[in-house]
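Please look over the sequence and the model before reading on.

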Amino acid sequence: MQSQAHDFKRRAETALEDMELQKALALLKGGFTTKRAQAVAALPEFEALRTAGREIKEHTLGHLDFYLERYEEQVRASGGHVHWASTVEEARTIVVDICARAGAQRVTKGKSMVGEEIGVNEALEAAGVDVLETDLGEYIIQLAGEPPSHIIAPAIHKTKAQITELFHKHHARHGKTERVTEVATIVNEAREVLREGFLASDVGITGANFLVAENGASVIVTNEGNGDLTNTLPRVHIVTAGIEKVVPTLEDVSTILRLLARSATGQEMSVYTTFSTGPKRQGDLDGPEEYHVVLLDNGRSQMLGNEFHEMLRCIRCSACMNHCPVYGAVGGHAYGWVYPGPMGSVLTPVMLGIEKTSTLPNACTLNGRCQEVCPMQIPLPEMLRKLREREFADGLTPRVARMGLKAWSFLARRPRLYGMVTRVGVKALALVARGKGRLRWLPLAGAWTAARDLPAPAGETFQQAWKRRRRGASP
Amino acid sequence: MMAESSIQSPAERPVHPRVGLFVTCLVDLFRPNVGFAAVKLLEDAGCRVEVPELQVCCGQPAYNSGDAPDTRALARRVIEAFEPFDYLVAPSGSCAGMIKDHYPRLFAASTPWAARAEQLAERTHELMSFLTDVMGVTAVAARYDGTVTYHDSCSGLRELGVREQPRALLASVEGLAVEEMRDANVCCGFGGTFCVKFPRISGRMVSEKVRNVTDTGATTLLGGDLGCLLNMAGRLKRSGSPVKVYHTAEVLAGMARVPGIGDGDDDSGA
């Protein structure tokens, strides 16, 4: 997926004016955030689980080579294949080759953020393979020709009315010509259309929420059951996953599962939790004949042990974006690449380089709500600040901001000079405000005064007034 | 309320501690009344308050813009100016959070500056939490007639755990009632330089905040950080709202008789 992250500001401003999008985003606030708060309040050991989850991830990351090799051995032992991809290009080639060898015409897909990272749909379509997204949200945006705007609710930016029109436009070829306007009928129609796809599919591709080192299982959680049909019906099952998804044991999976759905949607558990362990064995009633896992690095191993190491604990739950006031105002498309919101504003610059993405870590008020809700206790604000440091050190900070900062810090390091300059400044501003207490406009302060007045200074600095009063008070 | 155990026993702190007031640059420039209110509250609690002359800024604008060298230079200034005091107290969660939470991390571990930063951090407090948790203040002698709503500024809330302390003190103000707003703990859109780097996103965020404020029907908005208060007051005044905006300290010190933030001499006082 071509990154548009450099264009964040313009895309965000467009999003602010998009009334349909704003309607859709308003629903997000009452939904995920309220439900998460209720779910957390109902589980007294939630904080202890967060710490336990963090420790599991840190332990695994500290021995990542060991657990990945263990995982690979287990997959091989159960008859599956493991493919290592350093880059998204390698991953694309691996997936396309597996499909070609299987003679695949049609591929069904479960939701996979790594799939988005790889750009697997475009690669397969370029190779002449039909791809069908089977997660309802993913299916909707596939019809719309758009990327996801949220990592667990990819079509969250779409209103019901927009979905009605999309289905009306695209489902005529399935013999469905009535407009469906109720949630239940919309879901039913999608289910009927998708079922044809499931039955005709040659290869199913899913992501993974976990890879289990002790038994080689890959685990997905879904609410629609589409993942189960994707990984059992076709002849070939391909799992695409980042290398940081591995955990040592099933016990570890169950610990983190207790955090995942609560943090994401406020559910205790997702509706379906599915373990895939290799191809169909003798006597199995169903399952794929071939089982492949494509393990993607794409910069992850470089993060091990560096200042962004803790980001590798991320379990892609979306709590950070659900609680981010900037995401809530502009939605996910503004961020311009696969991962939106706070975790995306860290991952995008780390994976694609800071040069063309440095707006993202700045598009944050450092309010800390993301860190507060992160089930893996990732210090997102600190990482965003680190990225700003990198931007500054690399000389990428816009010239005007850099000069303003230099001028201000020159003064701030010279308190006496600063006092002289500011005394004149506050006096002048107070005079301009003429007792009205606020300014509607001020040269060079247009960014502030576009949406709000500037409360006027009192006319005297505190330091001035303090000295005056002390003098007056002394005998 | 904070747990009883978090209140230092008198044996651990001087009865009349020597407090250096970290004024904050915004209070110095925009709202000296907050500084005087802080002095009054601290003196009423038994502190000996001094205002070091050689103080300007905690360095957040540089820090949050990624300018590490200038941040360290400013931090050294603050450390030098406030080292002689028993405590550094700031009428701001974000400045106190900067000094308490971030200063120790600015310097390479086990260097003299890191140790000095660590020592200052341990003695640094936001005003409200200092009054309640360190000085054991449970009530103030002030009167304010009106219904107020309180905005939890992000740094104070999340870096320092300032939440119940200002509410507890406000509960002791005669004539004052608190009406909580929806999403009181959600950012107002100020974010330091964020509000000028992304004015339209910030404008949307503060508009939403102000709607939550006015929906309560409260006549007054209070908060503990002047940056957020300037932002919210600016938006309230732009939209013609009569809601008064004060720093919590001004109300607790009985010093909210001056016009509210963003109000002029002509706007009726509280």
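At what angle do helix α8 and helix α9 of chain A pack? In this predicted model, local features need pLDDT of at least 70 and side-chain atom pairs pLDDT 80 or more, whereas totals for chains, interfaces and linings use all residues. Residues are numbered from 1 along each chain as its sequence is written, and chains are lettered from A in the order in which they are written.

The angle between α8(A) (residues 136–144) and α9(A) (residues 160–170) is about 65 degrees, and their axes lie 10 Å apart. Axes are lines fitted to C-alpha atoms over the stretch in contact, with angles from 0 to 180 degrees between N-to-C directions. Helices are DSSP runs (H or I, at least four residues). Residues are in contact if their C-beta atoms, placed from the backbone, lie within 7 Å.

| Helix | Contact residues |
|---|---|
| α8(A) | I140(A), L143(A), A144(A) |
| α9(A) | I163(A), L166(A), H170(A) |

By class, this contact has 5 nonpolar, 1 polar and no charged residues.

Between the chains, chain A gives 51 residues to the contact and chain B gives 59. Elements giving two or more residues on the side of chain A include α1 (8–17) and α21 (415–433).

In chain B, helix α2 (residues 32–44) has 13 residues and reaches 19 Å from its first C-alpha to its last. Because 10 of these 13 residues are buried (20 or more other C-beta atoms within 10 Å of their own), α2(B) is largely enclosed by the rest of the structure. Among the buried residues are F36(B) and L41(B). Just after α2(B), G46(B) takes a positive phi of about 100 degrees.

Notes
Two residues are in contact if their C-beta atoms, placed from the backbone, lie within 7 Å. Ala, Val, Leu, Ile, Met, Phe, Trp, Tyr, Cys and Pro count as nonpolar, Asp, Glu, Lys and Arg as charged, and the others, Gly among them, as polar. The expected span of a helix is 1.5 Å times one less than its number of residues. A residue is buried if 20 or more other C-beta atoms lie within 10 Å of its own, exposed if 12 or fewer, and partly exposed in between; C-beta atoms are placed from the backbone.
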